[in-house]
Amino acid sequence: MSQDLTFDIAVVGAGPAGLAFVRSLAGAGLSVVLIEGQAETSLRDPAFDGREIALTHRSMRLLKTMGVWDRIPADDISDLRQARVLDGGSSFALTFGAADADRLGVLIPNHLIRRALFEVGEGQAGVELMAGRRVADCRIGPRRPRGRLTLDDGTTIRADLIVAADSRFSFMRDRLGVGAEINRLGRSMMVCRMRHDQAHGHVATEWFDHGQTIALLPVADPEQRMSSVVMTLAAPAIADLMAQSPEAFASSMERRLKGRLTGLELVGARHAYPLATTWSHRFAGEGFALIGDAAVGMHPVTAHGFNLGLRGQETLAKVVRGARGEDTGSGRLLARYQHEHRLTSWPLYQGTNALVRLFTQETPPARLARGAMVRAGQATAPFKAVVKRMLTA
Ligand SMILES: Cc1cc2nc3c(=O)[nH]c(=O)nc-3n(C[C@H](O)[C@H](O)[C@H](O)COP(=O)(O)OP(=O)(O)OC[C@H]3O[C@@H](n4cnc5c(N)ncnc54)[C@H](O)[C@@H]3O)c2cc1C
């Protein structure tokens, strides 16, 4: 039966950004509704989706403060001690950190972070979860409560502040009339876990080979003989790999890895993600804000999307809490969030896109430039310090 309900804040999307934002409002005395298209069972116990999230130290601290960290099984957290960047056939590697030094960060399966985020928010005072329902329409009016959502079952929700956390292809963004730069890259990223003969030593490798990009990420495993293999190719080539039998796929990957890993064996399912980067023209306006991928959809190669989403929701929650019960949807208030989060995100978004452009171009000048960049980067202490700070901040 459809209803007409009123809350202080309505959050659309219970991905990591939406869940974290709701958690960050705990104790603020605000009534919040979280609307999610997926069923509650998929939020409570999300399936493995192939993503291994590289967390920065800042994100780790935040997840600890939120009580999320303690809910992630220690055996599933993989230390990242060293990162290596390889270019084409060259044996030279740009390295960050040392295999025996302090960790650069950690890798945690995405579904375990999502599960823990759901658990800490469950039963939070003032929060109502509406799962299995999608937003069908959204309007912002001139008077409070300005926001009006219509769900697919006819329910109407009014709120001072509408927060869109509904992914990089955000339906809410369109409905709110916010434009976005959307770059569909025509390439896909395939992720899966594979066992192998060699110990990974907690080293991550990003290999920009000619015509293919492969990342090998160390997975938590007592023998260190399992990695997450992240393969980027043109979309049809990824579709071909996905269709191969596990045995044929393992042989294909061994050929593509050119001897870097041997004895490969697929563990579990393969997942493919079409690649697109997005940048919203605005992150906030009168009565609304965009967070997570709905605000900025990063290329996964520099592993910043989740980390940025976590940071953005923290900034928005700080701004909203600062309103102390006043109009949380005030455009002037939300402009502070927009300003701060755009300043943080813009260099990472542009820097990552420039890196992707350089390392996926196969023209002779681009090849020369990338080889030179890898070598110069290794010899330039300030450059390495900047990249390391980006990884560990
Ligand atoms: C292969 C891969 C590897 C990655 N690795 C890293 C990494 O190492 N480090 C890192 O920081 N980031 C990484 N990322 C990025 C990270 O996964 C994303 O940035 C993050 O998941 C975005 O979270 P979100 O909550 O903004 O959006 P999403 O996770 O997309 O969640 C959006 C939610 O909104 C719901 N929804 C959508 N429309 C509606 C509607 N109309 N009504 C109701 N609900 C709706 C959806 O069902 C979904 O649950 C990776 C991404 C990929 C693809």
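Residues are numbered from 1 along each chain as its sequence is written, and side-chain values use heavy atoms, with hydrogens and water left out. Because the model is predicted, local features need pLDDT of at least 70 and side-chain atom pairs count only at pLDDT 80 or more, while totals for chains, interfaces and linings use all residues.

Helix α8 spans residues 305-322, and helix α9 spans residues 331-360. Helices (H or I, at least four residues) and strands (E, at least two) are DSSP runs, numbered from the N terminus. The axes of α8 and α9 come within 9 Å and cross at roughly 160 degrees. Axes are lines fitted to C-alpha atoms, for helices over the stretch in contact, and angles run from 0 to 180 degrees between N-to-C directions. The crossing makes α8 roughly antiparallel to α9. Angles over 145 degrees count as roughly antiparallel, and those under 35 as roughly parallel; 65 to 115 is roughly perpendicular, and the rest are oblique. On the α8 side, the contact (heavy atoms within 4.5 Å) includes Leu-308, Arg-311 and Thr-315. On the α9 side, Tyr-337, Glu-340 and Leu-348 are among the residues involved. By class, this contact has 7 nonpolar, 5 polar and 4 charged residues. Here Ala, Val, Leu, Ile, Met, Phe, Trp, Tyr, Cys and Pro count as nonpolar, Asp, Glu, Lys and Arg as charged, and the others, Gly among them, as polar.

Helix α8 also packs with helix α1 (residues 16-24). Their axes come within 9 Å and cross at roughly 30 degrees. The two helices are therefore roughly parallel to each other. In α1, Pro-16, Ala-17, Ala-20, Phe-21 and Ser-24 take part. Their partners in α8 include Phe-306, Leu-310 and Leu-316. The contact of α1 with α8 divides into 8 nonpolar, 2 polar and 1 charged.

A backbone N or O atom of Phe-306 lies 2.8 Å from an oxygen atom of the ligand. For Gly-305, a backbone N or O atom lies 3.4 Å from a ligand oxygen.

Two loops carry backbone features. The peptide bond from Arg-144 to Pro-145 is cis, with omega near -10 degrees. Pro-145 sits in the loop between β9 (135-140) and β10 (147-151). Ser-167 has phi near 85 degrees, a positive value in a residue other than glycine. Ser-167 lies in the loop between β11 (156-164) and α5 (171-175).

Terms used
Polar contact = N/O pair within 3.5 Å; in protein donor to acceptor, adjacent residues only side chain to side chain.
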